[in-house]
Amino acid sequence: MKIHTKAVHAGDRKRAPQNIPVTTPIYTASSYSCESMEQLDRVFGQEEPGYCYSRYDNPTNGALEELVCSLEGGHGALACASGMAAIQMAVVTALNDRRKSVVAANATYGATVSLLMKVLEPSGVAVRFADMCDLDTLRAVVAEARPGCILMETISNPLLRVAQMDRIAEIGREAGAALVVDNTFATPMIVRPLELGAHFSVHSVTKYLAGHGDVLGGVVVTDQQHFDSLRTLSRAIGPVLGPFESYLTMRGIKTFPLRMERQCANACRVASWLSTHPRVGRVHFTGDPSHPDAPAIRRLFPANLYGAMVSFEIKDAGQAEIFRFMDALKLVVRATSLGDVHTMMLYPVMSSHREISPKHRERMGIKEGLVRLSVGIEAPEDIIEDLAQALG
Ligand SMILES: *Cc1c(COP(=O)(O)O)cnc(C)c1O
């Protein structure tokens with residue numbers, strides 16, 4: 001079945017005693033009773049499918065998990081209260097019976113760096129960073145660090161680099177490391193990490209999957225090998241999503257493939273317009289034929305779907321000029337997120353990369369004049385008109 005069909009069918013329409021609801025209800029019950037103690041005993045013992053307590057299993061969450069698992073082509077999934085909770089669950093599960101060592105991409109979401117440095121490292125996990133686009137160096141770092149887990153993003157933030165995930169999975173497999181991929185920016189429309197050898201695909205569903213700026217949530221999708229241990233650890237830690245958020249996320253996902261196609265097409269239009277503007281310097285866009293990772297993108301991405309993020313530099317701009325430019329935007333929303341139906345802009349130096357020293361930022365290639373645009377579903381002419389008037 002194609003992704004557009006899965007998006008509106010998977011997970012839903014489970015038979016209730018008298019009928020079949022066309023969409024999954026919000027089950028708010030924290031616990032469940034059974035006809036008999038014997039049956040409850042079997043449900044508790046996981047010998048019979050059923051529900052006993054909402055931290056263990058919840059029917060609304062279960063429907064969302066089935067849906068995202070289907071989109072990603074996994075074996076099982078866990079819905080979490082945030083993208084960060086999902087990343088933590090994936091890494092903790094990956095390391096459960098492996099060496100307590102992580103090799104992470106040196107360009108990741110800011111909070112992922114915090115999770116590694118402020119939570120995992122103090123609890124005894126060795127953390128190393130590496131450039132995932134330089135496979136020879138990565139091989140050397142993996143040989144030295146002997147990680148239990150490699151952690152990367154399909155499309156990096158904010159410079160939108162694309163590493164060769166399948167080759168990295170191979171490097172990991174040879175070293176006995178599990179591969180955890182944050183697939184938030186790419187979505188399963190573009191890449192399904194488990195098909196390329198990853199063991200875990202993680203989403204902040206806050207972004208493209210829910211897509212309307214009204215949910216905070218995350219999902220981990222995994223393979224048969226890791227699913228039982230993911231569920232067992234989740235039962236002990238309790239990072240689960242609330243059923244209201246699950247419902248909103250499922251509602252959002254029904255139109256996700258349509259939105260994503262539109263957003264990707266809009267991003268192509270906006271990126272090519274930006275690249276001709278005299279005030280605009282470098283444009284980072286995965287659909288650009290001269291992108292530094294163009295061969296990997298051609299090999300791993302479908303034709304015409306490159307993602308809907310565009311980062312660009314304004315020539316000779318410091319913070320004051322960027323503030324003036326962003327304050328002049330009338331349609332594009334100044335906000336710290338991405339993937340919503342409306343176009344949004346963020347200033348990495350002020351938000352996602354605020355904690356990083358200017359010198360380190362410069363070395364990462366994140367300039368004072370760089371902004372990040374998440375292109376929405378509006379008419380592309382209107383997005384371009386707003387950018388044009390704000391650029392002046
Ligand atoms: C937003 C985001 C996260 C964190 O997700 P939350 O839902 O905010 O916890 C992780 N990774 C990436 C790539 C993100 O964009």
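Guide: Let us begin with helix axes, which are lines fitted to C-alpha atoms, for helices over the stretch in contact, with angles running from 0 to 180 degrees between N-to-C directions. Helices (H or I, at least four residues) and strands (E, at least two) are DSSP runs, numbered from the N terminus. This is a predicted model, in which local features need pLDDT of at least 70 and side-chain atom pairs count only at pLDDT 80 or more, while totals for chains, interfaces and linings use all residues. Residues are numbered from 1 along each chain as its sequence is written, and side-chain values use heavy atoms, with hydrogens and water left out.

Visitor: Why is α4 called oblique to α5?

Guide: The axes of helix α4 (residues 83-95) and helix α5 (residues 110-120) come within 11 Å and cross at roughly 50 degrees. That angle makes α4 oblique to α5, because angles under 35 degrees count as roughly parallel, over 145 as roughly antiparallel, 65 to 115 as roughly perpendicular and the rest as oblique. The crossing of α4 and α5 is right-handed; a crossing is left-handed if the near helix is turned anticlockwise from the far one by less than a right angle, and right-handed if clockwise.

Visitor: Which residues of α4 and α5 meet?

Guide: Contact means heavy atoms within 4.5 Å. On the α4 side M84, I87, Q88 and V91 take part, and they meet A111, T112, L115, V119 and L120 in α5. By class, this contact of α4 with α5 has seven nonpolar, two polar and no charged residues. Ala, Val, Leu, Ile, Met, Phe, Trp, Tyr, Cys and Pro count as nonpolar, Asp, Glu, Lys and Arg as charged, and the others, Gly among them, as polar.

Visitor: What makes α4 oblique to α8?

Guide: The axes of α4 and helix α8 (residues 224-237) come within 9 Å and cross at roughly 120 degrees. This angle makes α4 oblique to α8. Their crossing is right-handed. M89, V92 and T93 of α4 make the contact with H226, S229, L230, L233, S234 and I237 of α8. The contact of α4 with α8 has five nonpolar, four polar and no charged residues.

Visitor: Is the crossing of α3 and α9 left-handed or right-handed?

Guide: The crossing of α3 and α9 is left-handed. Helix α3 (residues 59-72) and helix α9 (residues 243-253) pack at an angle of about 35 degrees, with their axes 8 Å apart. Among the meeting residues are L64, L67 and L71 in α3 and Y247, M250 and I253 in α9.

Visitor: How do you know which residues surround the ligand?

Guide: A residue is near a molecule or strand if one of its heavy atoms lies within 4 Å of it. There are 14 residues around the ligand, and the closest are G83, D182, S204, T206 and K207.

Visitor: Where does L160 lie?

Guide: L160 lies in the loop between β4 and α7. L160 has a positive phi of about 60 degrees although it is not a glycine. P158 is placed in the loop between β4 (149-153) and α7 (165-175), and a cis peptide bond, with omega about 0 degrees, joins N157 and P158. Most residues other than glycine have a negative phi, and most peptide bonds are trans.
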